[in-house]
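Have a look first, then read on.

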Amino acid sequence: MLKKVIKMRNEVSLVKADWDGKNIKEYVFSALNLIGFKPQGSVNSVAIKPNLCYYWNAATGYTTDPIVVSGIIDYLRENFGSDVNIKIVEADASAMQTKYAFPILGYTKLAKEKKVELLDLSEDAIEEREVEVNGRKIPFRVPGTLLKSDLFINVPKMKIMRATHITCALKNVFGCIALPRKVIYHPFLEEAIVGINKILKPHLNLVDGLVALGRFPIRLGLIMAGEDPFSIDWVAAQIMGYNPSKIKFLKLAVKERLGNPEDIVILGEELETFRKDFPKENIIVSKVKMSLQFSLLKAYKTIVGDVIPPTLENA
Amino acid sequence: MLKVGIIGLGQMGSMHLANCLHMNNVKVVAVADPSERALKRSTVFGRYKIYADYKQLLDNSHDLDAVIISVPNHLHFEVVKLSLESGLNVFTEKPLAINTQQCENIVKSVRDSGRKLMIGHNLRFVDAIEKMKASLDRGHIGSLETATIEEIVNGPFSHPVNPVPVAEWWLDPQKSGGGALMDIGYHMIDLFRFFTGEDAKVVFSNLSYKYNLPVEEGAIVVLSTSKSSIKGIINVGWYQRSVFPRYNFRVILHGNYGYLSTEKFFPRNIYLHAVKEGLKNFLRRISGKKLRPLSYTYYYEAYYKELKTFFNCLENDLEPPVSAVDGLKAIQIIEESYKLSNAKKSD
């Protein structure tokens, strides 16, 4: 596995691309060249982790577009040779099984075309690890492939999320935890996100912002790259219209010395190019609205004794 | 008092159980499910005999009047047949069974047993559908010429609000009988037959396999009725992110004088509707009147109404409005659609 070179500054490149993935190779190469991505040592094995949290495809803004991963594969083949072993990896989640997500979201087809492997991280050889974050010891089931690959490439989607405001690079690493029912971490989600990122450190993060998700999906046409996932999230938060220093897991990451906002340098396009188009969601209002709906429903059920629809039984 | 057993305590079975508790003339006396968790969860509703194996429930069914069956599709045939053979009246979730042969077999069993069987074609009992049918039958739109019936939802893929993995049987055609067409197309086909009052044949069918699964995630089927040549366009899909309480389902009936649309009959503001109906139920509760369960959702109430209709048929010796033959006809059309489909599975 390659050693991560500690840089004094963390570059994040912003590249304006075609939202539909046309000429993706050119944009991926451009984003990587801007940050001067150059792994030290030989690269024989690569794990690429897109975000496949649900079965809704990239056009909804929920999942990573396979075309972005295809651009990365092209980059790897051109720079490290055609025989480099590439795996596209994802772990099962509470509501998603990779065995369905891979074909539904176009990854089975991509793997066949590009002759790469697909790996369900939930079935990988597991290492049990424990880290302390904010005084809390958190156990993780960590997939061995991610610890052993020469290159671990994180390919998150840029989107909002009620629980954490934003989800991008650091949260996509959380998705690597081999345990499918990751909802067990939700009561201390910020600590868990920071915790797993203390163990798993991607060598490269390349964000799919071709279609991003705010209040609704938006064809943003953004490709963002950086070696430091914290820096990526710090910039992504601003593009999505939030103050990153107010986002709990980013604040905690700073406290736990996972990243330093002062080291971040933005290269390529201006941040404003993308921020002006992003449909920001007022997360607080959205959370209050959601919680009010469920609280009223539960109170109504208790007082009146009515039936709750099956889809909301465990909500 | 009708004594009832419930076989299958998944999402639908649990809701039927909860709905039964709001009926004065029904007492649930036994439940069966292989899942210990489901059985345990059911005990919050009341006390009844509990069985891990439904056959044990049937073996001890001498005091039962009826069973409600909510099991995976491939088990419908066996469970319905054995229930009828045990001398029970049956309310079963749709589809009646997963192929024509099984359905015909059940139709015969119903006839031979002399028992009543009703299938959960819940959409017929949605307020908006009932009103549209009444309006159509009174001639308000003239003669019906075409109908567009569509439902695009999340299908078996769980809602993020309640994240659970998709049950394996849904995506196995041997067990589910098919994908979106079998799941929701079944209802749309039944609605077309319900509105037209005629049998129909398939004139066009196109299934979508963009999800690369063994079953289709979308289907467009065009039907034509045998007598009046009324055309129906059925459009169903499992591909859309559904967010409760919104429900992407609509029917448009085009007549030669005017048209009817569910959009006109559904509440304009679903939140206001929920508050209004919730308050009404609250007043019913404090004045000791019976609730209208789930009326606040504007479409889930149909599950209560269909069950109530079934029990009413048992008490008054009436023929259930949705018979085994209705289930058979829907399955025949689905099988024909699969045969006719000119879609090629994408790589």
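## Salt bridges and surroundings

B:K116 and B:D317 join their side chains in a salt bridge, 2.9 Å from N to O (that is, a side-chain nitrogen of Lys or Arg within 4 Å of a carboxyl oxygen of Asp or Glu). This pair links distant parts of the chain, 201 residues apart: B:K116 sits in the loop between helix 5 (100-113) and strand 6 (117-119) of chain B, and B:D317 in the loop between helix 11 (301-316) and helix 12 (324-340) of chain B. Helices (H or I, at least four residues) and strands (E, at least two) are DSSP runs, numbered from the N terminus.

A word on ground rules: this is a predicted model, where local features need pLDDT of at least 70 and side-chain atom pairs count only at pLDDT 80 or more, while totals for chains, interfaces and linings use all residues. Residues are numbered from 1 along each chain as its sequence is written, chains are lettered from A and ligands numbered from 1 in the order in which they are written, and side-chain values use heavy atoms, with hydrogens and water left out.

Next up is B:D326 with B:R193, a salt bridge at 3.1 Å, N to O. B:D326 lies in helix 12 of chain B and B:R193 in helix 8 (residues 180-196) of chain B, so the pair ties together parts 133 residues apart in sequence. Both residues also belong to a salt-bridge network with B:R124, B:D190, B:D199 and B:K329.

How covered are these side chains? Buried means under 20% relative accessible area, exposed over 50%, and partly exposed in between (1.4 Å probe, protein chains only).

| Residue | Relative accessibility | Class |
|---|---|---|
| B:K116 | 11% | buried |
| B:D317 | 61% | exposed |
| B:D326 | 12% | buried |
| B:R193 | 11% | buried |

Over in chain A, A:E90 and A:K49 form a salt bridge too (3.1 Å, N to O). A:E90 is in strand 3 (residues 85-90) of chain A and A:K49 in strand 2 (residues 45-50) of chain A, so this pair ties together parts 41 residues apart in sequence. Both A:E90 and A:K49 are buried. Searching the whole structure turns up 29 salt bridges over all chains.

As for the build of chain A, there are 11 helices and 13 strands. Buried residues account for 59% of its 315 residues. Helix 8 (residues 229-239) of chain A has 10 of its 11 residues buried, so it is largely enclosed by the rest of the structure. Just after helix 8 of chain A, A:G241 takes a positive phi of about 90°.
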